[in-house]
Amino acid sequence: MFLICEYQQNDYMKIKYLPILLVLLTFCASPKKETINKIDNKAGSPYEDKIEALIAKMSLQEKIGQTAQRGTSSRGKGLSEELKQAVREGRVGSFLNLKGKANVAELQRLAVEESPNGIPLIFARDVIHGYKTIFPIPLGQAATWNPKIVERGSRVAAIEATSMGIRWTFAPMLDISRDPRWGRIAESAGEDPFLTSEMAKAYVKGFQGDNLNSQTSLAACGKHFVGYGAAEGGRDYNTAIIHDQLLHNVYLKPFKAAKEAGIATYMTSFNELNGIPASGNKYILQDVLRDTWNFDGFVVSDWNSITEMIAHGYSENPKAAAKSAANAGLDMEMTSQAYDNHLEELIKEGAVSMDQLDDMVRNILRIKFKMGLFDTPYFDKNQDVLYKEDHLVSAKEAAVQSMVLLKNRDDVLPINEGRKIALIGPLADAPHEQLGTWTFDGEKEHTVTPLSTLTKQYGKKVTYVKGLANSRDNSSKDFKKAIKAAKKSDLIVFVGGEEAILSGEAHSRANINLPGAQEELLTELAKTGKPIVLVIMAGRPITLGNILDKVDAVLFAWHPGTMGGPALVELLYGKASPSGRLPVSWPKTVGQIPVHYNHKSTGRPASKESFVHIDDIPEFAWQSSLGNTSHYLDAGFSPQYPFGYGLTYSKFNCEGLTQSSSSLSNGGKIVVTATLNNIGDRKATEVVQLYVQDEFASITRPVKELKGFKRITLEAGKCEKVTFEINKEDLSFYNADGEWVTEAGSFKFWIGPNAMEGLSGSFEVE
Ligand code: NOJ
């Protein structure tokens, strides 16, 4: 279809000056890359002389002290005399979870003024999706497909956390997560290495700011290195078996992107990787991280993950665990004290060399120097930056952009102003729950819920019935009340999902439908004949098979954080149009998992033509595989909603695919374009996605891989030309010989609104 539309004014300018811009960008981009490498290379670091001078003065005990991260409970307040004495003696390098400005200041004073060489401490905390002002959970932030939102969210978190003396966060979590049963999928950016890498760069930039040296810079920690998201069966802490090509082509990619963005630290994961626990795994810690990537920051273990190597069946005792971890290149130990108790002995026995220990200490001191802790160890205690107005505005915008409209039968959304609403459900007014997992510091008193937004901010008369005490409540005692309210309304807005505690660490679920009696309540409400808008707040995709037909609209809100209420209400009433897109494929049923768009083809790829549903198999059919392909008889082969999917209140089409060439040579690039048209009647945002397939290669490649995306907002009736560039580097992969290569041959590409639709073209790599 040829569509005449008006280009937005600035688009014309973009197109006219695009060639000049591209030349300029290419010119400016290359030196920047080199600078990053230079800064990260320790040979070029301005601190090396200072580090060496300091190491020369340090006693063995002090060196071991730098490798110790001591914990206090995340809820704890006081300081024990034992801890204070350990700091005075230089036996601690870092603290985690210490609460209270005065405690932080006191321990830092002891370290700087009373310990033998006055080495400052670094204070760490899990500041995952906000400190006080809580942004949507990371999976929700990934659903914005907007790195600027993520960067802003982590900047806000950094400003707030550093005002309390915290200078190091255990974030971002960069684990590729392809199993929504795994509770920690909530903390991830989903299933895709490209999207996660873009988010990784944004997190690092946001947390660390322009310079680690700044007082508002929060050193970032890429975790969990590596393979934690590949836990078998989605059960937390479980074994990960990841072959080398998959490790490099998928799981390591976001960590590499974080390294290139200048991340200061990494954390090892709890899992074993191909038989060797990550905390004792020399291949990933030394060969990959140091020797190949040239990383010069430091690596911390996860909580007790060094001594957990005993339970893994890898180390016989804490001493053996300390030996494996140190020799693998793990610099700092979180909470357990295997280094503290055994490194001295191991060094004396020659089981760990002094050179190895010195290297560990160097890595830690390098970051402390880069952070300016030696010059400015103390923080300004008088700052008042928590919950600042602009922080709340940013948190609301992030929540608006994160919510994904999955279904909208007969355009039931946006809600017409005059309609009488029954607000029902366990999460409509649950301030603590909407903050989501890993929010030690978020406060429900500062959280704005959908109910309070509707009634207090918008002054609407809403009939509210909770219906269920919480998301897991199985009782039907309040059903009648809910049904009565529904009958008196024009429309039901049901806000359900999962409480915050149902996702996150150690909170995996075998069934991922709406818990408790939520499905039953929705089924009863549907019988009233009133339209139902289902809003889900949850930490993972939720299987909807039992209720999808019974509801008219589904708006997926993740756990949206402090400003979730106002964000939701803006979308419900059409003040903004939904623009979130799925960062994960959405399963129809748990039995389909893992279901991710970038799977391999198999020798018998599934297709609509070959699919036979379980109900269509004739009785006594001949037992034969012929004609069948790689699918489930009862669930087919596609997800409920594909990766990248999301609706808006307008309609878009993409047309007029062009490509600058049909072949790609060394040093060259292919420019592909398409025109995006807003053919609906309101302003809205589309996320245009570029996918590529390497059709034949020396190792099989995924059926599609995301290689680019653009969020584009258009007024009704407007259009914009969308441009992507593909070069050889974008197509490279880690082959069976452990080399990064781009092989000659044919490639397909797609430009579209999600992983299952799009305009397609092809090209040859020479
Ligand atoms: C364990 C978690 O796996 C990790 O992500 C977190 O940062 C540490 N505990 C510290 O709380």
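Biologist: How far does a polar side-chain atom of D302 lie from an oxygen atom of the ligand?

Modeller: The distance is 2.5 Å; please bear in mind that this is a predicted model.

Biologist: How much of the ligand does the protein bury?

Modeller: The ligand taken alone exposes 290 Å², and the protein buries 96% of that.

Biologist: Which residues around the ligand come nearest?

Modeller: They are D126, R184, K223, H224 and D302, out of 13 residues around the ligand. The side chain of R184 has an N or O atom 2.6 Å from a ligand oxygen, and for the side chain of K223 the corresponding distance is 2.8 Å.

Biologist: How does the shell divide into nonpolar, polar and charged residues?

Modeller: Seven residues of the shell are nonpolar, one is polar and five are charged.

Biologist: Now the rings. How many aromatic pairs are there?

Modeller: The count comes to 27 aromatic pairs. One of them is F194 with F709, which is edge-to-face, with 6.1 Å centre to centre and 90° between the planes.

Biologist: What does that pair tie together?

Modeller: F194 belongs to helix α8 and F709 to strand β22, so the pair ties together parts 515 residues apart in sequence.

Biologist: Is F709 buried or exposed?

Modeller: F709 counts as buried because its relative accessibility is 14%, under the 20% cut-off. F194, at 26%, is partly exposed.

Technical notes. Residues are numbered from 1 along each chain as its sequence is written. This is a predicted model: local features need pLDDT of at least 70, side-chain atom pairs count only at pLDDT 80 or more; totals for chains, interfaces and linings use all residues. Side-chain values use heavy atoms; hydrogens and water are left out. A residue is near a molecule or strand if one of its heavy atoms lies within 4 Å of it. A polar contact is a pair of N or O atoms within 3.5 Å; within protein, one must be able to donate a hydrogen and the other to accept it, and residues adjacent in sequence count only if both atoms are side-chain atoms. Accessible areas come from the Shrake-Rupley method with a 1.4 Å probe; for residues, only the protein chains shown count as cover. Ala, Val, Leu, Ile, Met, Phe, Trp, Tyr, Cys and Pro count as nonpolar, Asp, Glu, Lys and Arg as charged, and the others, Gly among them, as polar. Rings of Phe, Tyr and Trp (its six-membered ring) pair if their centres lie within 6.5 Å; planes under 30 degrees apart count as stacked, over 60 as edge-to-face and the rest as tilted. Helices (H or I, at least four residues) and strands (E, at least two) are DSSP runs, numbered from the N terminus. Buried means under 20% relative accessible area, exposed over 50%, partly exposed in between (1.4 Å probe, protein chains only).
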